[in-house]
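Please keep the sequence and the model in view while reading.

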Amino acid sequence: MDIFVKKRIKAIKKGDQNAYADIVDLYKDKIYRLCYRMLGNRHEAEDVAQEAFIRAYVHIDTYNPKMKFSTWLYRIATNLAIDKIRKKKPDAYLDEEVSGTDGLTMYAQLSSHEASPEETIESLELRETVQEAIKKLPEKYRSVIVLKYIEDLSLQEISEILELPIGTVKTRLHRGREALRKHLGHL
């Protein structure tokens, strides 16, 4: 994939817009998912993802080919999402109780490999509860939690994306996990 991307980048720098469409197709789902996990709102995630691709295209000359293109693109998207978070007024706080989780119980695993309707609903509810908890994290913890556990990136990649030392990334991961653990302790 790296060779494909490098060839597309060279073509983009020569003015080939179709080459950029290939790049967008390759990364659009990952960038949208990252933005959604950070923002928790589909419309905002779409806007920020689109803005990330526009910025990457406009500033393609600043891309350093020694760096992975995906890391550069993730950095743009992450920074835009963080900017969006900072501009928003907080509408929830970590010490608030999550509504709709009273009496949430987990059923024992069934022998069937297919989830029962109840398990499917519970899984969706749990996922939504975790997403809401992630949305309530301060942006500096939210970004590392999403990049590590949702996007499954390495500490080194997160360090490069956020332009932070690995030690800071580890600290933020630890503190973010602790905040989530405290918030989701009732589960």
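In which loop does E163 lie? E163 is found in the loop between α7 and α8 (166–183), where helices (H or I, at least four residues) are DSSP runs, numbered from the N terminus. Phi of E163 is near 55°, a positive value in a residue other than glycine. With a relative accessibility of 57%, E163 counts as exposed; the terms are buried for under 20% relative accessible area, exposed for over 50%, and partly exposed in between (1.4 Å probe, protein chains only).

D152 is likewise not a glycine and has a positive phi of about 60°. The loop between α6 (139–150) and α7 (155–162) holds D152, and this residue is exposed, at a relative accessible area of 64%. As background, most residues other than glycine have a negative phi.

## Basis of the model

The model is predicted: local features need pLDDT of at least 70, side-chain atom pairs count only at pLDDT 80 or more, and totals for chains, interfaces and linings use all residues. Residues are numbered from 1 along each chain as its sequence is written, and side-chain values use heavy atoms, with hydrogens and water left out.

## Aromatic pairs

Rings of Phe, Tyr and Trp (its six-membered ring) pair if their centres lie within 6.5 Å; planes under 30 degrees apart count as stacked, over 60 as edge-to-face and the rest as tilted. By this rule there are six aromatic pairs. One of them joins Y32 and Y36, whose ring centres are 6.1 Å apart and whose planes meet at 20°, so the pair is stacked. Y32 and Y36 are four residues apart in helix α2 (residues 17–39), and therefore about one helical turn separates them. Y32 is partly exposed, at a relative accessible area of 25%.

F69 and W72 form a tilted pair, with 5.6 Å from centre to centre and 50° between the planes. Both residues belong to helix α4 (residues 69–87), where they are three residues apart, about one turn of the helix. F69 is buried at 4% relative accessibility, and W72 is buried with a relative accessible area of 8%. Together with Y27 and Y63, F69 and W72 form one aromatic cluster.

## The surroundings of F4

F4 is placed in helix α1 (residues 2–13) and is partly exposed, with a relative accessible area of 39%. Apart from neighbours within four places in sequence, F4 is in contact with D22 and L26, contact meaning heavy atoms within 4.5 Å. The C-alpha atoms of F4 and I23 are separated by 9.3 Å, with the two residues 19 residues apart along the chain.

Technical notes. Helix = DSSP H or I, 4+ residues; strand = E, 2+ residues; numbered from the N terminus.
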